[in-house]
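Trainee: Hi! I'm new to this one, could you walk me through it?
Mentor: Happy to. Let's open it up and go step by step.

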Amino acid sequence: HDGDIGHFPLPSNKEVFFIRTKYLWEDWVVVNNMLGSPHNVTVPNSDETKKLNARGELPIESNLSDEGRTTICHFLKGDIQIYISFLNNAVNLSDE
């Protein structure tokens, strides 16, 4: 369905958990507890855990043209719809 984003059918007997890079350790602790662990995850306390990505740098600014952005969005539309559907179904994330 064109424009019907975020409604990729998932099996009703499956739960989806998301662990976001930006909130890696917070999400990890929540999911671990939701899965019934009697113990909290030991969160490392170092500069390594504060990196935003593998390089430890903020993402670069986009230098895409409007046409380039449109082309990329066209080819990624299906993947983006699936990603949004998983986000919408993640039991460890709130609607906020």
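Mentor: A word on terms: helices (H or I, at least four residues) and strands (E, at least two) are DSSP runs, numbered from the N terminus. The model is a predicted one, where local features need pLDDT of at least 70 and side-chain atom pairs count only at pLDDT 80 or more, while totals for chains, interfaces and linings use all residues. Residues are numbered from 1 along each chain as its sequence is written, and side-chain values use heavy atoms, with hydrogens and water left out.

Trainee: Okay, how many helices and strands does the protein come to?
Mentor: Two helices and zero strands.

Trainee: And how much of the protein counts as buried?
Mentor: Of its 96 residues, 12% are buried. Buried means under 20% relative accessible area, exposed means over 50%, and partly exposed is in between (1.4 Å probe, protein chains only).

Trainee: Where is there a kink in α2?
Mentor: The kink is centred on leucine 76 and comes to about 60 degrees. The bend at a residue is the angle between axes fitted to the seven residues ending there and the seven starting there.

Trainee: Which residues in α2 are buried?
Mentor: Gly68, Gln81 and Ser85 are buried there.

Trainee: New topic: how many aromatic pairs does a search of the whole structure find?
Mentor: One. The ring centres of phenylalanine 18 and tyrosine 83 are 5.7 Å apart with the planes at 70 degrees, so this pair is edge-to-face. It links distant parts of the chain, since phenylalanine 18 sits in the segment before α1 (24-34) and tyrosine 83 in helix α2, 65 residues apart. As for the cut-offs, rings of Phe, Tyr and Trp (its six-membered ring) pair if their centres lie within 6.5 Å; planes under 30 degrees apart count as stacked, over 60 as edge-to-face and the rest as tilted.

Trainee: Is phenylalanine 18 buried or exposed?
Mentor: Phenylalanine 18 counts as buried because its relative accessibility is 13%. Tyrosine 83, at 47%, is partly exposed.

Trainee: What else lies by the backbone oxygen of phenylalanine 18?
Mentor: A polar atom of the asparagine 92 side chain, 2.7 Å from that oxygen. Asparagine 92 is in the segment after α2 (66-89), and its 12% relative accessibility makes it buried.

Trainee: Which residues does asparagine 92 touch?
Mentor: Not counting residues up to four places away in sequence, it touches Val16, Phe17, Phe18, Asp27, Val30, Val31 and Met34. Contact here means heavy atoms within 4.5 Å.

Trainee: Asp27 is on that list. Which side chain does aspartate 27 meet in a salt bridge?
Mentor: That of arginine 20, at 2.7 Å from N to O. A salt bridge is a side-chain nitrogen of Lys or Arg within 4 Å of a carboxyl oxygen of Asp or Glu. Aspartate 27 is buried at 4% relative accessible area, whereas arginine 20 is partly exposed at 31%.

Trainee: How many salt bridges does the structure hold?
Mentor: Two. In the other, arginine 69 pairs with aspartate 66, and the closest N and O atoms are 3.1 Å apart. These residues are three apart in helix α2, so about one helical turn separates them. Arginine 69 is partly exposed at 37%, and aspartate 66 is exposed at 61%.

Trainee: Last one: what is asparagine 33 in contact with?
Mentor: His39 and Asn40, leaving aside neighbours within four places in sequence. Asparagine 33 is in helix α1 and is partly exposed, at 34%.

Terms used:
A polar contact is a pair of N or O atoms within 3.5 Å; within protein, one must be able to donate a hydrogen and the other to accept it, and residues adjacent in sequence count only if both atoms are side-chain atoms.
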